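Please look over the protein below before reading on.

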Amino acid sequence: MSEPQVSVAPVVTSKLSVQAAEFYPSGYNPNFNQNFADCSFEDGYLTLAEYVQDFLNHLTEQPGCFETEIEQFAETLNCWVTADEALRELVELIYQQATSVPNFSYMGARLCNYLSHHLTISPQSGNFRQLLLQRCRTEYENRNQATKGDEITRKQFHAFVLFLAELYLNLEIKGTKGQVTRAEILQEGLRELLNALFSNPVDSNLICAVKLLKLTGSVLEDAWKEKGKNDMEEMIQRIENVVLDANCSRVYGTSSHTEATPENDPNYFMNEPTFYTPDGVPFTAADPDYQEKYQELLEREDLFPDYEENGTDLSGPGDPYFDDIDDEMDPEIEEAYEKFCLESEHTRKQ
């Protein structure tokens, strides 16, 4: 009995070589995100800048999502930011958003505080907080020139000043024993920024100084008192000196009477409330175009009825809800009343 025939496939010699370069699909960058193999990144983003900027814009439009989305954002950054250059880029992106987008300084400061405690990268050049403070120092050292610059230069500088103030209030430093303190270097920096603003007392510089004191004044005063310093008294003296000798329209040509008015007292607006335009830009009675913005705000409020959270219209006749709040003052009357109280208190102290 003959054995069955077994067919043997012809031997094909491969042209591939073990020495050949590693193959990558068309359009793939082999140097892109080398340390990202174990992390899942958001679909559709090709660069760190694109991802971070999109998140910053998202926070600007919906600040309420900070608490629910910041943890995932930080986890993604820990996979993405693995080199010194990327960390510096991250710092710059957040800094620019906080100093160029209206009303983002507070959210930017909160974001910086969270990342300073949750980013794992810490290169020799400095961790996130250290690089952030280095970036701020660049603007800080230019303070005297900035306060004397043109309108655009001063506006950019004022945005930096208010961001630094928010950092002082929100950036937490944990000590070796677990205690939480504020960054003392920012405390001293704010004092010198106030001096720079008062040294060139044009309108916009004084308005910025008043906003800075309104935001951080009580915290700064307590911190200075703990050290036995009278820095706040010195600031008040600077304000009084501005009243006597200033080169700005708010105090120039002041009459001889002692009654406090917006024209003779730069500190007049210290306790004024802060309002917001429909675009979210903050303004106070210290702003030159306050009356126009405030009137626009009043007219806008008249366009909308009052609603409860569930959307029920409460503006109908005889609604018991309004029976309980008829004694509320009109915003314009309330504003005039607050000014009257301030003026009365100033007169009493004379």
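The notes below are grouped by topic.

This is a predicted model, in which local features need pLDDT of at least 70 and side-chain atom pairs count only at pLDDT 80 or more, while totals for chains, interfaces and linings use all residues. Residues are numbered from 1 along each chain as its sequence is written, and side-chain values use heavy atoms, with hydrogens and water left out.

**Confidence**
- The mean pLDDT (the predictor's confidence in each residue, from 0 to 100) is 75 for the protein, and 59% of its residues reach 70 or more.
- Residues 24-40 have pLDDT below 50, and beyond near neighbours in sequence this stretch has 11 contacts (heavy atoms within 4.5 Å) in the model.
- Residues 252-258 also have pLDDT below 50, with six contacts beyond near neighbours in sequence.
- Where pLDDT is low, the predicted coordinates should not be read in detail.

**Helix H2**
- Helices are DSSP runs (H or I, at least four residues), numbered from the N terminus.
- H2 spans residues 66-80, 15 residues in total, and its first and last C-alpha are 20 Å apart, close to the 21 Å expected at 1.5 Å a residue (1.5 Å times one less than the number of residues).
- Its buried residues (under 20% relative accessible area, 1.4 Å probe, protein chains only) are Phe66, Ile70, Phe73, Ala74, Thr76, Leu77, Cys79 and Trp80.
- Helices H1 (48-61), H3 (84-100) and H4 (105-118) are among what covers these buried residues.

**Thr99**
- Thr99 is in helix H3 and is buried, at 14% relative accessible area.
- The Thr99 side chain reaches the backbone oxygen of Tyr95 at 2.8 Å.
- Apart from neighbours within four places in sequence, Thr99 is in contact with Ala159, Phe160 and Phe163.

Methods: Helix = DSSP H or I, 4+ residues; strand = E, 2+ residues; numbered from the N terminus. Buried < 20%, exposed > 50% of the residue type's maximum accessible area, 1.4 Å probe, protein only. Polar contact = N/O pair within 3.5 Å; in protein donor to acceptor, adjacent residues only side chain to side chain.
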